[in-house]
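Got a few minutes to go through how the labels on this model were assigned? Have a look first, then we'll take the questions one by one.

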Amino acid sequence: MTDAEADLVILGGGSGGYAAAFRAAELGLSVTLIEKDKLGGTCLHRGCIPTKALLHAAEVADSARDGEQFGVKTTFEGVDIAGVHKYKDSVITRLYKGLQGLAKANKVNYVEGTGTFVGGTTVDVEGTRYTGKNLVLATGSYSKTLPDLELGGRIITSDDALTLDFVPKKAVVLGGGVIGVEFASVWASFGTEVTIVEALPRLVPAEDEFSSKQLERAFRRRKIAFKTGVKFTGAKQDAGGVTVSLESGETLEADVLLVAVGRGPNTAGHGYDEAGLRMDRGFVLTDERLRTNLPGVYAVGDIVPGLQLAHRGFQQGIFVAEDIAGLDPKPIDESGIPRVTYSHPEVASVGLTEAQAKEKYGPDITTFTYDLAGNGKSQILKTSGAVKLIKAPDGPVVGLHLVGDRVGELIGEAQLIYNWEAFPEDVAPLIHAHPTQTEALGEAHLALAGKPLHVHG
């Protein structure tokens, strides 16, 4: 069929793709957005939103179980998993309808179907070709597995875990990164006996070592077992369960094995190799302005090497739309992207870890850790944890790391501190409402500015 032309064609309707589409439309460009599944992509339908809904249900379960701590007579009778899914799906449905409305309001030409990049700036969708003056590739990611580990049955991915129609009595989680830790937290709150297996030396290994230790301490208190520095060697399943084998010779019995070893770029089968895109291990390589090696072709989101986060893809989509429209936006600093693991307790960070800061600035960096035991709101919530700051020599704060319930809500201020290159002396005079957890950030900066107040020792 004859090409349908637009200023911008986008392949993939997830966070990066739809952000690029909506922003480009706002700037007066004609846009064609191609998506084979549902607008919103993995984040809305199989990732961020449904997992956080499960985590909130888990928080409610914990509150019911622990009401006596607060003088409230509550009992935890169990989890109605069908009711949990109904709640989760209702959240997804409302947000999905909202996105569909925005696509119509922005007059985006939305095309449902499987797209293949056929060269130039053209995508073929089941026989119809769509050509843009520019093309954005935003095909997202998929749940990875390990060689010789066949998925299916009782060996599941995070996609399967989101629709599991029972609460397992025992579960093994393979992978102690963000996805593994979050599902372990959910299941433990629902009453599952959970064991995490992580080949690297600590949980959430991409975070600062301080954060890992804080999380591990909290998980021990919650009786979530974890085995770090141990490699998985195999799994066998039958009608009764799954047996997981470790390199140490130990075996673990469970109802399910969740494979949470990360996500891979969804680039195979889309014509990328054949079109001559420069790639590495399945990822599409770009410059700092997200341009590929092909003229007029950009890439955003999980297919670009770096943090696989929905909000990263979202901001990249906005960046590319503005770049194409000639607004010359500033390139995105990857270190300035906030990161949150929504477990109980939460782990949040922005900027450099201590190891990264020492590598960049040398050994004379300054660190300060403020324990949430000194924060009134954290004590009201009965959460433990801490805030760690990392400061460059004679320079600004270059890393902020937080552990504790609800600290993900503090990352907004933390990312402003990092991205605006604030010194402790800049933040110390700012007034933080009392009692709030944001005071922990304020107290930590007061201490680094040489005037500690609620600090012992």
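A salt bridge here is a side-chain nitrogen of Lys or Arg within 4 Å of a carboxyl oxygen of Asp or Glu. Keep in mind that this is a predicted model, where local features need pLDDT of at least 70, side-chain atom pairs count only at pLDDT 80 or more, and totals for chains, interfaces and linings use all residues. Residues are numbered from 1 along each chain as its sequence is written, and side-chain values use heavy atoms, with hydrogens and water left out.

Q: Why are Lys-388 and Asp-208 called a salt bridge?
A: Their side chains come to 2.9 Å, N to O, and the cut-off is within 4 Å, so the pair qualifies. For domain 2 and domain 3, the count is one salt bridge.

Q: What makes domain 2 and domain 3 count as being in contact?
A: Contact means heavy atoms within 4.5 Å. Nine residues of domain 2 meet that rule with 14 residues of domain 3. The bounds, 155-261 and 345-449, come from an automatic or database domain assignment.

Q: How do you know that helix α14 is largely enclosed by the rest of the structure?
A: Buried means under 20% relative accessible area (1.4 Å probe, protein chains only). Ten of the eleven residues in α14 (438-448) are buried, so the helix is largely enclosed. Among them are Leu-441, Glu-443 and His-445.

Q: What covers the buried residues of α14?
A: The cover includes strands β22, β23 and β24, plus helices α12 and α13. Helices (H or I, at least four residues) and strands (E, at least two) are DSSP runs, numbered from the N terminus.

How values were computed: Buried means under 20% relative accessible area, exposed over 50%, partly exposed in between (1.4 Å probe, protein chains only).
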